[in-house]
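I opened this chain to look up its fold, its sheet and its surface. My entries follow.

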Amino acid sequence: MSTDAPVAKPAAKTLIAGVGNIFLGDDGFGVEAVRRLGEHPLPDGVEVVDTGVRGVHLAYQMLDGYHTVLLVDAAARGSEPGTVHLLDATTPAPARPGATALDAHHMTPDAVLALLDTLSAGTGGRRPERVLVVGCEPADVTEGIGLSEPVDAAVDEAVRLILELVGADEPTPAAAPATPH
């Protein structure tokens with residue numbers, strides 16, 4: 001065996017997590033986005049999961065040696081409904097005094113990241129080097145199943161953005177049907 005041959009490095013592990021509650025309208029954006037993302041080939045080392053409302057599980061999973069984590073969720077930021085945002089959450093936010101008790105079924109990405117910081121400090125686990133949030137401005141998060149029209153239309157935009165972020169081939173538009181001569 002020659003030691004002169006280059007050694008291929010394993011692909012950096014990436015986790016894409018769809019977050020949200022499908023029973024609260026547009027809050028199901030992240031779950032639907034990762035469902036549609038599953039229809040596309042992804043590079044080696046990229047894992048896609050529907051975490052739904054399991055924020056505590058997600059925080060623990062983020063300690064499993066991922067280089068990059070993409071959280072996909074509804075994100076109210078004051079824009080028009082259906083606006084897709086890319087947020088960098090790599091740097092831990094400062095702890096807020098008087099933070100509320102942990103509610104495992106109502107964890108926003110902020111709450112997941114705060115728990116991640118606590119878990120990594122307590123377990124010696126390593127926080128991912130890069131954490132991004134692909135968020136969509138919701139129109140309606142009241143009880144009910146299904147996305148509003150502007151948020152449903154934004155899912156494909158979010159999928160394209162995610163594919164670009166992980167270096168996957170972007171989806172190609174469907175070929176036009178052949179016309180008979």
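I count two strands as paired if DSSP finds at least two bridges between them. The model is predicted, and I read every entry below with that in mind.

Pairing. I looked up β3 (residues 68–74) and β5 (residues 130–136) and found them paired in the parallel sense, over seven bridges. In that pair, alanine 74 stands opposite cysteine 136 of β5.

Sheet. I then asked in what order the five strands of the sheet stand. The order is β2-β1-β3-β5-β4; the sheet is open and its pairing is mixed. β2 (46–52) and β4 (84–88) each have a single partner strand, so one side of each is left without a neighbour in the sheet. From one strand to the next, the twist averages 20 degrees.

Chain order. I noted four helices and five strands. Read from the N terminus, the elements run β-α-β-α-β-β-α-β-α.

Helices on the sheet. I checked α1 and found that it lies across β1, β2, β3 and β5, at about 130 degrees to β1. Helix α4 (residues 149–165) lies across β1, β3, β4 and β5, and runs at about 160 degrees to β5.

Surface. I looked for nonpolar side chains on the surface and found a patch of Ile22, Phe23 and Ile145, with about 330 Å² of accessible area together. Phe23 sits in the loop between β1 (14–19) and α1 (29–37).

Totals. I recorded an accessible surface of about 10,700 Å² for the chain, 55% of it belonging to carbon and sulfur atoms. Of the 181 residues, 39% are buried. Among contacts with a separation of 6 or more, 82% join residues 24 or more positions apart.

Terms used:
Residues numbered from 1 in each chain as written. Predicted model: local features only at pLDDT ≥ 70, side-chain atom pairs only at ≥ 80, totals over all residues. Heavy atoms only, no water. Patch = residues over 30% accessible without salt bridge, like charges linked within 9 Å, V, L, I, M, F, W, Y side chains within 5 Å. Areas by Shrake-Rupley, 256 points an atom, 1.4 Å probe, with all protein chains shown as cover. Salt bridge = Lys/Arg side-chain N within 4 Å of Asp/Glu carboxyl O. Helix = DSSP H or I, 4+ residues; strand = E, 2+ residues; numbered from the N terminus. Buried < 20%, exposed > 50% of the residue type's maximum accessible area, 1.4 Å probe, protein only. Contact = heavy atoms within 4.5 Å. Axes fitted to C-alpha atoms, helices over the stretch in contact; angles between N-to-C directions.
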